[in-house]
Amino acid sequence: MMIDVTGLEFNEINQKLRESDNKVILQGCLGQRFIASGMKDKNIAIDGIPGNALGAYLNGASITVNGNAQDAVGDTMNDGKIIIHGDIGDAAGYAMRGGKIYIKGNAGYRAGIHMKEYQDKVPIMIIGGSAGSFLGEYQAGGVIVVLGLNTNGKLVSNFPCTGMHGGKVYFRGEPPKSVFPKNVCLKLATQEDMKYIEKQIVEYAEIFGYNKDEILNAPFTVATPDSNNPYKQMYVAN
Amino acid sequence: MNNIEGKVRIPSGCAIAAVISKDGNRMTGEKIVESMKPMHDRSNGLGGGFAAYGIYPEYKDFYALHMFFNDRAARKECEAFLKERFEIVKSEIMPTRKIPAITDEPVIWRYFVAPLQSNLHNLQLDEKEYVARTVMKINCEMSGSFVFSSGKNMGAFKAVGFPEDVGVFYKLDEYEGYSWTAHGRYPTNTPGWWGGAHPFTLLDYSIVHNGEISSYDANRRFIEMFGYKCTLQTDTEVITYIMDYLLRVQKLTLNEVASVIAAPFWSTIDSKTDLYDKQKHEYLRTVFPSLLITGPFSIVFGFNGGLMALNDRLKLRSMVVGEKDDKVFIASEEAAIRVMEPNAENMYAPAGGEPVIIKVKEGAF
């Protein structure tokens, strides 16, 4: 089902989405915010530029953007999948607590800021290109993978993993150590890590038409906080 | 023009956009006004404005003063003052459309003026300094009169309202410029008034700003030592004066100015391998520490012949740049650029503290 959303307000778009079949294509999207927020059982494709906070609180729906996306995609999303065929703006996956965000291109500043996880809820973000500064800032859980494809070797800018206290960030290749804060451990990915990465990459490669083996045929680096509780006794004895 | 700014706190984004033709081709204001529509929710109706360059070719040798007056008496008093200092070659009511969305407008006039040569000679001042001082004097000392634009062959247009309405109000579809900037205001901390809308200008320099300056008072105290007066009761104007001081008075380049106001962290400077670049940054941070602007900002700085876009060093505000043929587009959101040019190319987001400088070809403006 196709919906032309030219000139519609975001609440009108979301109303139409709620009333629609499960498979929808939005055409003529131009900057409307909060598209598909909180939705759980739709499969939405978007032509044009969706506005900020696309798929905020997403709860199981699947969103594909055939181009670039703006800021705060998947803000606090709980479940579902967001696929971006271009670049993504700042603060992608802000406080995400479940589901998947797959980006073909580059990510802006603060991708995966304060991602978190609980038991089987483990959010995953895969960035095909490079990531801007403050990647995984205050990360509390979940997994970020940065592939650095088609970026002339650039993986990440300044201050990644600042304030990180949980979760993992995988880099395809070796990011410059000097840009990381002291409380982060950088290690070569183990075989177990590689198995995990492979599991995640299969679907990603399929969606964007990459050869999974070519992506995996490189050493990966894993960044983790350097203890299970890096802020132990910073404020109280815990 | 009620002066209650600063007495009420309104917790709150803003929207900025710009377009420039590198070939100096002139465009009407329609596109830039349109570009503000998808970003409507970034403003709250308490301020909108535009700066346009190349719009007064027939008066290009004269300073165009755009002014707000509280009433006729304020205008008469100010005109008497202007006549002592300038030859006024034209004075007229600013052409506007009456629309329901814009109300409570002050008296809005514009003057095309040339400084009296005898005064310049007596005071031993260059023209620009003379005009800048006059603007400061009016804005500080003449209650009820405000100069909100004072450059040659350019002008600012601003009001309380949503930017798309402000564009209609000022008939921007009837102007043609090679460069335009735009702002939609969502005042943080303070209510909106006409003088507090962006752009903030001095001579041909204009600033539109999305953000909030944490270092405002440190910046203000420093810049006021050099004769600038922050009178418009909001933080952004200090950026305009800093730009004027560093560019016109200190004669820094645009890149150097960017390294002063959005200086890299010392740790980033320490890790630089290019020794010249490292020393330059150390020098600039050491000499102008009080002009570091902290807090979130994305700005577009307009001047005769070009634009500069800049983000704070932490990039706490969004900004996207795209281009098509002779034109370069800048906006808070990609959607705004796509409104102006659906087929814009090379879309990218500059890093924090990385200036994007676009100049019109020599001789084309």
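Biologist: With which residue does A:D90 form a salt bridge?

Modeller: In this predicted model, local features need pLDDT of at least 70, side-chain atom pairs count only at pLDDT 80 or more, totals for chains, interfaces and linings use all residues, and side-chain values use heavy atoms, without hydrogens and water. Residues are numbered from 1 along each chain as its sequence is written, while chains are lettered from A and ligands numbered from 1 in the order in which they are written. A salt bridge is a side-chain nitrogen of Lys or Arg within 4 Å of a carboxyl oxygen of Asp or Glu. For A:D90 the closest N and O atoms are 2.6 Å apart, and the partner is B:K315.

Biologist: How many salt bridges does the rule find across the interface of chain B and chain A?

Modeller: Chain B contributes 19 residues to the contact (heavy atoms within 4.5 Å), and chain A contributes 16 residues. Across this interface of chain B and chain A, the number of salt bridges found by the rule is one.

Biologist: How much area do chain B and chain A bury between them?

Modeller: Buried area is the accessible area (1.4 Å probe) that two parts lose on being put together, summed over both. In the case of chain B and chain A, 48% of it lies on carbon and sulfur atoms, and the total is about 1,400 Å².

Biologist: Which residues of chain B lose the most area to chain A?

Modeller: Together they account for 31% of what the chain B side buries. They are B:D41, B:K315 and B:E334.

Biologist: Is A:E137 buried or exposed?

Modeller: A:E137 is placed in the loop between β7 (124-127) and β8 (140-146) of chain A, where strands are DSSP runs (E, at least two residues), numbered from the N terminus. Its side chain makes a polar contact with that of A:R110 (3.3 Å); such a contact is a pair of N or O atoms within 3.5 Å, and within protein one must be able to donate a hydrogen and the other to accept it, residues adjacent in sequence counting only if both atoms are side-chain atoms. Buried means under 20% relative accessible area, exposed over 50%, partly exposed in between (1.4 Å probe, protein chains only). Because the relative accessible area of A:E137 is 8%, this residue is buried.

Biologist: How many residues has the largest nonpolar core?

Modeller: A nonpolar core is a set of buried Ala, Val, Leu, Ile, Met, Phe, Trp, Tyr and Cys residues joined through side-chain atoms within 4.5 Å. Among the residues with the most contacts inside the largest one are B:M67 and B:F301, and its residue count is 57.

Key. Helices (H or I, at least four residues) and strands (E, at least two) are DSSP runs, numbered from the N terminus.
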